Amino acid sequence: MRKLGLFLAGLLILAGVGAWFATMPRALPDDTFAGLEGNPEAGRDVFWASGCASCHTDPEAESSDAPVLSGGYRMESPFGTFIAPNISPGEAGLAGWSAHDLGNALLAGVSPSGQHLYPSLPYTSYRRMAAQDVVDLKAFLDTLPVSDRESAPHELGFPFTIRRGLGLWKRLNLTDAWYLAEAEGDQLQRGRYLVEALGHCAECHTPRDATGGLDRSRWMQGAPNPSGKGTIPAINAAELGWSATDIAYYLETGFTPDYDSAGGQMTKVIASISKLPAEDREAIAAYLLAIP
């Protein structure tokens with residue numbers, strides 16, 4: 001019995017060590033952004049395409065080409081309420097962050113202190129961002145106004161307060177694979193990049209599985225609103241029933257072909273996408289119409 005007890009204790013220790021390594025945060029290689037110089041002008045388009053202003057601008061603030069990213073937007077979910085942090089270039093935000101720090105957050109979901117970040121930051125999509133776009137985005141963020149407002153903590157209950165568990169979640173839900181594996185031509189490739197990476201459209205328009213990860217078998221088929229209020233519509237070609245011109249016009253103006261208008265959080269999304277070149281909105285339309 002003593003030998004059996006020692007054997008079982010050894011197994012438990014090995015399992016604990018294995019779990020520790022399996023769930024540890026995995027940062028990007030140190031040379032990921034080596035030699036890249038940030039261009040704030042290019043970073044401006046990355047910023048608007050990525051929807052940063054939609055969540056990180058004070059919910060009470062008016063729209064601006066140079067928003068104050070003080071955070072505060074509340075994202076309700078079955079796991080608790082996530083509150084967007086301050087990402088302005090001030091001490092309460094990203095002061096002291098390098099492009100590598102930002103890249104670790106966006107592509108790996110890892111903070112500068114080496115902790116897992118919650119996927120309310122959609123790094124499941126952003127992880128497909130090009131390294132140059134990360135560097136350019138950082139350069140643009142550094143030009144924006146400073147806010148001294150401290151970030152509010154997320155409102156989560158046990159066990160979701162244990163960040164270490166996100167290591168297992170990432171193993172189940174992070175992938176570098178594109179949903180639309182074949183994208184022929186520059187326009188479709190650009191549309192795929194804008195929708196699946198920068199715009200992270202699937203994060204709202206695709207249903208989630210029991211772990212809270214995207215159910216890729218139902219890509220863009222609509223989903224329950226995480227707040228429990230209504231549903232988020234399907235935006236694949238079959239369900240949408242719009243032409244490429246209809247989609248591009250909606251993304252520019254917020255008006256549907258039926259003379260209805262966008263509502264809710266989508267108004268903020270359109271406020272960002274409308275600032276992009278027309279070619280980008282046309283590329284997004286081409287992608288949506290190409291979804292199988």
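I looked up the largest cavity and found that Ala-49, Leu-194, Gly-199, Cys-201, Ile-273, Leu-276 and Ile-284 line it. Here a cavity is a set of points, on a 1 Å grid over the protein atoms alone, where a 1.4 Å probe fits but cannot get out, and lining residues have an atom within 4 Å of a point. The volume of the largest cavity is about 40 Å³, taken as the space filled by probe spheres set on the points. My search of the whole structure gave one cavity of 30 Å³ or more.

I noted that this is a predicted model, in which local features need pLDDT of at least 70 and side-chain atom pairs count only at pLDDT 80 or more, while totals for chains, interfaces and linings use all residues. Residues are numbered from 1 along each chain as its sequence is written, and side-chain values use heavy atoms, with hydrogens and water left out.

Next I looked up the sheet, which is open and has three strands in the order S1-S2-S3 with antiparallel pairing; strands are DSSP runs of E with at least two residues, numbered from the N terminus, and two of them pair if DSSP finds at least two bridges between them. The edge strands, each pairing on one side only, are S1 (74-77) and S3 (155-156). Strand S2 (residues 80-83) pairs with S3 over two bridges, and I found that Thr-81 has Glu-155 in S3 as its bridge partner.

Note on methods:
Helix = DSSP H or I, 4+ residues; strand = E, 2+ residues; numbered from the N terminus. 1 Å grid on protein atoms, 1.4 Å probe; cavity = no way out; pocket = protein on both sides within 12 Å on 5 of 7 lines; lining within 4 Å.
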